Amino acid sequence: MEKHLSKYLGVELCKGLNFKLFKDRKVKEARQRMMRVWAMGMRGGQMPVKQCVNVWKTLVRPVLEYGAAVIGDVKWQEAEQIQRRMGKMILRCSEKMTNEVVLGELGWWSMKGRRDLVRLLFWGKVVGMSHSRLVHHLYSVSRAQYQAGKQSKWCKEVHALLQSIGLEHVWSQDGLSEEESKLWHATLQAKIQHREEEAWRKAMQGKPKLRTYRLLKDRLCFEDYLDVRARETMTRLRGGTNELRIEKGRHRATNRDHILHESERVCLICASGEVEDERHFLIDCAEYEDLRETMFDVVDEKMKEDCAKEVRKEEQGKQRLMDALIGRAVADKSAAVGLRNAAMTFCKRAMKRRNDIVTRYLDQKT
Ligand SMILES: [Zn+2]
């Protein structure tokens, strides 16, 4: 089946012998395309994120999905790396930004998830085909072999995949009803989304950089703030790869030879003795209190809070403010946009002030 189908689709595979060559060629082609689209319009940062994502989806990603319907379950790290690289380019963030943040902010599945979707869509198409079609015939023969305990890699893998996402019954009935067929794409989308989301959440556990991110985000979906220009500061703050001491203290600096314990990574800007993490920067640090006025006015207005300054005095209140400002706690869209913009303006100004202070008065390697 694999061999015939592969030929049918023009994928030159022969029992996996040339598979490495095939992958290498596709990786090279995808990289070339990626650099071309980067040079053609993304580099300047003018192209909106949604448009960049469309370019990736229509011009680059298909190269890595070519033949995915018949190739089967393979480990392909380079494909994942290319996707993450492109994600970082689109987000305009550092190479060091955590992979989970890149996928999380853009709401992307792994490339494996994409290939699984393509494969199961193809299976749905094959079982619904007229029995006189060659592909359907090949499939039937292959399935009969598999049922008889003989080898059929493709059928075995499709079966396992359907089982793993809770669709065993569809395999057993060997076909889709009219209703199921109509909803097939949406069903697969939902099932794979669930699986990808679980894997993504699991991968986030135990990563110190994601201290803030884990609190702000638990769904794998596109973030609306990316539509706004000057979004980079927000991505850096949410994603934990930034210049705050909580992050910098994780690494050795030239004038100290040890990694600072978390409690030692205190804010050197306000000297309050508090750890300089994302929350301290956004909500508490006294050095930026004047810049915070406008942002808190928006909070008072949009969240109908008595007073943001009062709310922040309590632990729970602090987290509520964080969620509203740089998370997605507020359901009302226009209120959410207002809060995000206010937070973004604050972050940009405050970070500039912070970095000026660091450059002028502090040893930069703190
Ligand atoms: Zn401070």
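Predicted model: local features only at pLDDT ≥ 70, side-chain atom pairs only at ≥ 80, totals over all residues.
**Domains and core**

The chain is divided into domain 1, covering residues 1–206, and domain 2, covering residues 243–361. Taken over C-alpha atoms, the centres of domain 1 and domain 2 are separated by 40 Å. The largest nonpolar core has 75 residues, and those with the most contacts inside this core are Ile-90, Val-299, Leu-321, Leu-325, Ile-326 and Ala-343. Helix α19, which spans residues 333–361, gives the most to this core, contributing seven residues. Because domain 1 and domain 2 both give residues to the core, the core lies between them. As a general background to such an arrangement, nonpolar side chains in soluble globular proteins tend to be buried together.

Ala-343, one of the core residues with the most contacts, is in contact with Met-295, Leu-325 and Ile-326 once its neighbours within four places in sequence are left aside. Of these partners, Leu-325 and Ile-326 are themselves named among the core residues with the most contacts.

**The pair α13 and α19**

Two packed helices are described by the angle between their axes and the distance between the axes. For helix α13 (residues 232–239) and α19, the axes come within 9 Å and cross at roughly 85°. An angle of 65 to 115 degrees counts as roughly perpendicular, and α13 and α19 are therefore roughly perpendicular to each other. On the α13 side the contact is formed by Thr-233, Met-234 and Leu-237, which meet Met-344, Cys-347, Lys-348 and Met-351 in α19. Sorted by class, this contact of α13 with α19 comprises five nonpolar residues, one polar residue and one charged residue.

Within this pair, Cys-347 is found in helix α19 and, apart from residues within four places in sequence, is in contact with Thr-233, Met-234 and Leu-237. Cys-347 has 26 other C-beta atoms within 10 Å and is therefore buried.

**Met-111 in helix α7**

Met-111 has its place in helix α7, which covers residues 111–127. This residue counts as buried because Met-111 has 21 C-beta neighbours inside 10 Å, where the threshold for a buried residue is 20 or more. When residues up to four places away in sequence are not counted, Met-111 touches Leu-64, Trp-76, Ala-79, Glu-80 and Gln-83. The C-alpha atoms of Met-111 and Gln-81, which are 30 residues apart along the chain, are separated by 9.3 Å.

**Positive phi in loops**

Most residues other than glycine have a negative phi. Arg-92, a residue other than glycine, has a positive phi near 55°, and Ala-271, likewise not a glycine, has a positive phi of about 55°. Arg-92 is found in the loop between α5 (77–91) and α6 (99–106), whereas Ala-271 is found in the loop between α14 (245–248) and α15 (278–284). With 16 other C-beta atoms within 10 Å, Arg-92 is partly exposed, while Ala-271, with 10 such atoms within 10 Å, is exposed.

| Residue | Other C-beta atoms within 10 Å | Class |
|---|---|---|
| Met-111 | 21 within 10 Å | buried |
| Cys-347 | 26 within 10 Å | buried |
| Arg-92 | 16 within 10 Å | partly exposed |
| Ala-271 | 10 within 10 Å | exposed |

Definitions and conventions. Residues numbered from 1 in each chain as written. Core = buried A, V, L, I, M, F, W, Y, C linked by C-beta atoms within 7 Å. Buried ≥ 20, exposed ≤ 12 C-beta atoms within 10 Å, placed from the backbone. Helix = DSSP H or I, 4+ residues; strand = E, 2+ residues; numbered from the N terminus. Domains from an automatic or database assignment. Contact = placed C-beta atoms within 7 Å. Axes fitted to C-alpha atoms, helices over the stretch in contact; angles between N-to-C directions. Parallel < 35°, antiparallel > 145°, perpendicular 65-115°, else oblique. Nonpolar A, V, L, I, M, F, W, Y, C, P; charged D, E, K, R; others polar.
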